[in-house]
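Please read them alongside the sequence and the coordinates.

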Amino acid sequence: MSNTSENPKPSSSSAKMTLKTSDNELFEVEEAVAMKFCTVKQYFEDEKDSDVAARGSTTVIPLPNVHSAVLATLISYGKKLPQSNAVADNHEEEETKKKERKKYEQGLLKNLMPGELLDLISAANYLDFKEGLEFFNQALADHIQNKSVEYVRKFFGIKNDYEPHEEEKYREEYAWAFEGVDED
Amino acid sequence: MAEGALFAAAHGIIEKLAGQIVRELDCRWAFKDEITNLEKSLFAVKAALQDAEAKQHNSEAIKPWLTRPKDAMCDVDDLLDQIFNVDLRRQLMTCDKICIDLNRINLESIWGSAGKSCSSFMRPRSVDFGQMEVGMKNRMVTLDLEIGMIGWRNVKVLKNRNSEVGRLQKLLTRIEDLPISLLLEILYRLDLKSAMRCKSVARQWCYLISDPSFANDFVRLHASSVVDRPFALLLHYVDKQIKKRHLLATSEEPEFKSLTYIPPIYQHDNIEVTVQASCNDLLLCCANMVGNDAGSGPMSVYYVINPISRQWTALPPMPELARARVGFICWYDTALHKQLSYRVMRIPEFKGESAEFSVEIFSSDTGKWTQSVGLCPQGFQLDVFAFPGVPYNGLLFWWSSTDCLVGFDPNTSKCCQFFEKPVELNPSHGIERLGVCHGTLRICQISGYPYEVADPCLRVWELKDYDEGGKWNLEHELYFDKMVSEKSPWLTEYLSKKYPTVAVLAYHPNDREVVYLMIKFKVVFCNLRRKTLEVVCDIPTADYFYHGCNVFTFVLPCWPTPIPFQTEKAT
C-alpha cells in the first residue's frame with residue numbers, strides 16, 4: 001500500500017501558471033492562455049528541460065517589465081482568442097464566437113485610454129504575444145489615423161525638430177494629405 | 001595604434017560592466033561564476049574585434065573562439081550566448097528588479113572600422129541591463145537588451161545617411177518607450193494619407209517613412225486587404241478663351257487633387273505641358289516651348305512624374321513632333337526591391353499601311369533615346385486619332401486601322417502579338433477605345449447612327465485566350481435607348497433620340513460592368529449590365545477633345561511608386 005501522491009499530469013486545458021508582475025501581483029493563468037505569451041512559453045520550456053521535479057509543480061514566472069493592470073488586459077484578451085487546442089467548431093459556432101470577439105474587442109478599446117495602448121503594445125512586445133501585438137498595433141494605428149500632426153507629436157512625446165518654414169513647405173507640397181483631418 | 005585605443009576602450013567597457021554587476025548584486029556569491037564567465041566572454045568580444053580590425057594576422061589566441069573564421073563578427077553572437085545563458089538569466093530574473101543602467105555607450109569611436117564588418121551583428125540576446133545603443137560607422141543599430149526570456153529580436157538596421165547618423169543618435173533616445181520596430185509596425189497600419197502626413201511629425205519619422213524599405217513593408221501589409229484601389233480619370237481639354245490646356249480629375253478624393261501638378265520648372269507661360277500617357281500611378285508628360293525662340297527647331301521634353309509624391313524625372317529633349325503616337329510602360333517590382341524601370345515609345349506619324357516604320361525608344365535603363373524600326377509584317381496603320389499606346393503584359397498595344405490589334409515590344413519595337421478583329425466588329429468605322437479592364441484587353445464600338453440605319457448600340461469585347469492566339473468575346477451589347485438615368489432624366493431622353501453624340505472615355509480598371517462615357521460634355525458613369533447612367537462631372541469646354549484621346553486613367557496604389565532620379569533640366 002504505497003502512498004503515492006500522484007502529481008497529476010497537467011492536461012493542457014486545466015493547468016495553471018502563476019505570473020508575477022513588476023508590482024508584485026500574482027496572476028493565475030491557464031496554461032493554454034499563458035502559452036500565447038511566447039516569452040512565458042520559452043521560460044516554461046526552459047524550465048521543463050532543467051530539473052522540473054525539484055521545483056515542484058507550481059512555478060511563479062516573474063515578469064519584471066509588465067505592470068499588473070497591463071497584464072490583466074492582455075490576459076483577458078488572450079482568453080478571448082480561439083484556443084489552439086480547442087475542438088474545431090462547426091461554421092455556426094465559429095461565426096457566433098467571432099461576433100462575440102468583435103464585440104468584446106470594441107468594448108475593450110472603448111474603455112482604454114489612448115496612452116494605455118502604448119503600455120499594452122510595449123508589454124505585448126516584451127511578452128512576445130503576437131496576436132495581442134497585432135491587435136493593439138492596429139488599434140493604435142486606427143486611433144492616430146486621421147489625427148493632426150500636433151496630436152501625434154503630443155501623443156508620442158516627440159519634439160518637433162522642423163524649422164517653421166520647412167514645415168510650411170511640407171504642408172504645401174502634400175496639401176492633399178492634410179485635408180479632412182480630425183479636429184484636435 | 002587604433003587597436004590600442006580600441007582595446008583600452010573595450011577593456012573599459014568590460015570593467016564597467018563587471019563592476020556594475022558586482023555592485024548592484026552585492027557580490028552575491030552565486031553569481032561569481034557567472035560574472036567570471038561574463039568577463040571571459042567580453043574578452044572574447046575584444047578578441048573578435050581584434051581579429052576583425054587586423055584581419056591579416058592569424059591570431060592564434062582568437063582561433064578557439066572562432067568557429068567560423070570567415071566572418072569574425074558572426075561569432076560575437078555565439079559569445080553573447082555564453083554571456084547570457086539560461087541559468088544566469090533565470091537567476092538574475094529571480095532577483096527583484098535589477099537596476100543596472102548601462103548608459104548609452106557609443107561604440108562608434110571604439111569599433112571604428114571593425115564596426116563596418118559588424119553587419120551581421122544584428123541579433124541581440126536579451127539581458128535586463130537596460131538599453132545599449134551601438135553606433136557604427138555606417139549603420140545605426142539599437143540593441144534591445146532585456147532579460148533573456150525573449151529570443152532573437154529583429155532589429156531594424158537603418159541605412160547609411162551620413163548627415164543623419166548624428167541626428168539619429170539623438171532622436172532614438174526620445175521614443176525610448178517604443179522601439180523603432182514597433183513604431184514602424186504601427187505606421188504600416190495607417191492609410192496612405194496619414195502615413196504621408198506623419199512625415200512632417202519629426203525628421204526621424206520622415207526619414208523612416210521615406211526609406212524604400214518602408215514602402216515595401218507598407219505595401220505588403222496593405223496588399224492583403226481586399227480593397228479596390230481608388231482611381232481617377234484625367235482629362236485634357238483646351239480653354240478656348242485663353243487657349244490654355246487644362247487638366248481635370250474626375251474624382252473628388254483628396255489624393256487626386258494633386259494630379260494636375262506640374263513641376264515648377266515647367267510652370268511658365270511660354271511652356272505648354274500636355275499629358276501624353278499614363279501607366280499605373282505615373283504620368284508621362286510633354287513640355288513644349290511655345291513661341292518663336294526655337295533656334296535649332298522646337299524641342300520637346302518628356303518627363304515622367306508621380307503627381308502624388310511629386311517626384312519626377314525628365315528625359316533628354318527630342319525634336320517636337322506633332323501627332324506622334326506615344327506609348328509609356330513601367331515596371332516596379334517591390335518584391336525584389338528593384339528600381340523603377342520604364343520605356344517610352346514614340347512613333348512619328350506615317351500615312352497608310354506599313355510593315356516597317358521609324359520608331360524612337362527611350363529606356364530608363366540606358367537613359368537614352370534610340371532610333372529603331374517598328375516591325376509588323378502583317379501591316380500596321382496608325383489610327384486617325386493620336387491615342388497613346390496601352391501598356392499590357394509588358395507590351396504596348398495600338399489598334400491598327402487595318403482592324404487588328406498589335407502589341408509591340410518596347411525594347412525592340414518588334415510586333416510580338418497580333419490579334420485579328422472580333423467577328424461582330426462593324427468594318428465601316430473603327431473602335432472607340434482600347435483599354436484594360438480587370439486584367440484583360442477590351443475594345444468597344446458604337447455602331448448605328450449616323451453610319452448606318454440602325455439603332456445606336458454600344459458593344460464591348462474582351463480579349464480571351466491571350467496566350468493561345470486570342471479570341472474576342474462580346475461581353476456587352478447595349479442599345480442606347482435602353483439606357484436609363486435615374487438622377488438625370490434628360491440623359492435618358494437624349495439617348496433615345498436619333499443621333500446622340502456619345503464617346504467612350506475609359507474602362508473602369510477593375511469593375512467589368514462599368515465604362516465611362518462622354519455625353520453632351522459631361523462625363524457619365526455607365527453600368528453596362530444594369531443599363532444605368534450617372535453624371536460624374538462636367539467638362540468645361542469640350543472643344544479640343546478628339547473623342548477623348550486625351551483621357552488618362554490613374555490608379556492609386558497602396559504606396560506611390562517612387563521615381564529614382566530627380567533631375568531638373570532647363571528647357
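1. In this predicted model, strand S23 of chain B is covered on both faces, with B:Val514, B:Tyr516 and B:Met518 buried on one side and B:Val515, B:Leu517 and B:Ile519 buried on the other.

2. B:Leu517 has B:Val524 as its bridge partner in S24(B). The hairpin made by S23(B) and S24(B) has 2 residues between its strands, and B:Lys520 in the turn has a positive phi of about 50°, a value that a reader may wish to look at in the displayed model.

3. Turning to the contact of the two chains, 50 residues from chain A and 43 residues from chain B take part. The area buried between chain A and chain B is about 4300 Å², and carbon and sulfur atoms give 56% of it.

4. Which polar features cross between the chains? The interface of chain A and chain B holds 16 residue pairs in polar contact, with both residues at pLDDT 80 or more, and the count of salt bridges between these chains is 2. One salt bridge brings together the side chains of B:Arg189 and A:Glu134, at 2.6 Å from N to O. On the side of chain A that touches chain B, the elements giving two or more residues are helices H2 (38-49), H6 (114-127), H7 (130-144), H8 and H9 (164-173), together with strand S3 (60-62). The most is given by H7(A), with 7 residues, and by class this side of chain A has 23 nonpolar, 12 polar and 15 charged residues.

5. Leaving aside residues up to four places away in sequence, A:Val149 touches A:Arg171 and A:Phe178 in chain A and B:Arg197, B:Ser200 and B:Val201 in chain B. A:Asn160, 11 residues away from A:Val149 in sequence, lies 9.8 Å from A:Val149 in space, C-alpha to C-alpha.

How values were computed
Residues numbered from 1 in each chain as written. Chains lettered and ligands numbered in written order. Predicted model: local features only at pLDDT ≥ 70, side-chain atom pairs only at ≥ 80, totals over all residues. Heavy atoms only, no water. Contact = heavy atoms within 4.5 Å. Buried area = accessible area lost by both parts, 1.4 Å probe. Salt bridge = Lys/Arg side-chain N within 4 Å of Asp/Glu carboxyl O. Polar contact = N/O pair within 3.5 Å; in protein donor to acceptor, adjacent residues only side chain to side chain. Helix = DSSP H or I, 4+ residues; strand = E, 2+ residues; numbered from the N terminus. Nonpolar A, V, L, I, M, F, W, Y, C, P; charged D, E, K, R; others polar. Buried < 20%, exposed > 50% of the residue type's maximum accessible area, 1.4 Å probe, protein only. Pairing = 2+ DSSP bridges.
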